[in-house]
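Below are my notes, point by point, to read with the model open beside you.

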Amino acid sequence: MGLFNKKKKQEANKATTENMSEFDRDIRELLARDDIQCRPEICEAEFKKGMSLLEENPTEDKVHRAYDIMGNLASQFDYIPAIMWMGDFAENVMQNAEQAVFWYKKAADLGDGNGARCYADMLMTGNGVARNPQQAMHYYADAADKGVPEASFVLGEFLRNSGDRENAIKAYKQALAGGYQPASIRLQQMGVKL
């Protein structure tokens, strides 16, 4: 390759990089690093960058940049911490329950217990989705199986109200073992010695 062609190729690469989004440039840079060896490390590094933009008086520009990073990690990489961040941001900052439902369900469908609990909460209240307590209980049970103590407590409440004392006690004990203290009050009310 002649000098002219090499210079032309370098200029084309530079122009391509300049037209890339911040996220795409970051990913390209992370892939070039020797200390980054796999996809989870790339996601973790980019997630940390997004979170760092929100520390100490974030500006509107930094919030938009963080949102872009998290959105790309969530949609292109199925990175669960970013998916949950997007759900939380949609629900609590944007006040967009339908979008929150989308992200929480995506996290749940990817096997995340906290995503299942958040999606179950939305199903139970009908916030952003048609109210469906039966389907909510399915997601609470899934979250409880994955060690989410709040979901175990809700499952215990459902079972207690359904007359299934034995399984309710198991669910409350599981919630308590996970550190959810209201379960101890419910167990005491049911006459269970701790």
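1. Overall make-up. The secondary structure of the protein comes to 11 helices and 0 strands, where helices (H or I, at least four residues) and strands (E, at least two) are DSSP runs numbered from the N terminus. Along the sequence the pattern reads α-α-α-α-α-α-α-α-α-α-α. Please keep in mind that this is a predicted model, in which local features need pLDDT of at least 70 and side-chain atom pairs count only at pLDDT 80 or more, while totals for chains, interfaces and linings use all residues. Residues are numbered from 1 along each chain as its sequence is written, and side-chain values use heavy atoms, with hydrogens and water left out.

2. Overall dimensions. The protein is more spread out than a compact globule, because its radius of gyration is 23 Å, well over the 16 Å that the globule rule gives for 194 residues. That radius is taken over C-alpha atoms, and the rule is 2.2 Å times the number of residues to the power 0.38. Taken along the principal axes, the C-alpha atoms fill a box of roughly 85 × 35 × 30 Å.

3. Of the 194 residues, 38% count as buried (under 20% relative accessible area; exposed is over 50%, partly exposed in between, with a 1.4 Å probe and protein chains only). Among contacts with a separation of 6 or more, 37% come from residues 24 or more positions apart; a contact means heavy atoms within 4.5 Å.

4. Surface and charge. The protein exposes about 11500 Å², with carbon and sulfur atoms supplying 50% of it; accessible areas come from the Shrake-Rupley method with a 1.4 Å probe, and for residues only the protein chains shown count as cover. The mean positions of the 24 positive and 29 negative charges are 2 Å apart. Lys and Arg count as positive and Asp and Glu as negative, with His and the chain ends not counted; each charge is placed at NZ of Lys, CZ of Arg, CG of Asp or CD of Glu.

5. Helix α7. This helix (residues 113-125) has 13 residues and reaches 18 Å from its first C-alpha to its last, close to the 18 Å expected at 1.5 Å a residue; the expected span is 1.5 Å times one less than the number of residues. Which residues of α7 are buried? They are G113, G115, A116, C118, Y119, A120, M122 and L123, and they pack against α5 (80-92), α6 (97-109) and α8 (133-145).

6. Y140. This tyrosine lies in helix α8 and counts as buried at 4% relative accessibility. Leaving aside residues up to four places away in sequence, Y140 touches R117, A120, D121, M124, A151 and V154. Y140 and E56 are 84 residues apart in sequence and 35 Å apart in space, C-alpha to C-alpha.

7. Backbone angles to look at. N57 has a positive phi of about 55° although it is not a glycine. N57 is found in the loop between α3 (39-52) and α4 (60-77) and is exposed, at 71% relative accessible area. Q95, another residue other than glycine, has a positive phi near 55°. Q95 is found in the loop between α5 and α6 and counts as exposed at 62% relative accessibility.
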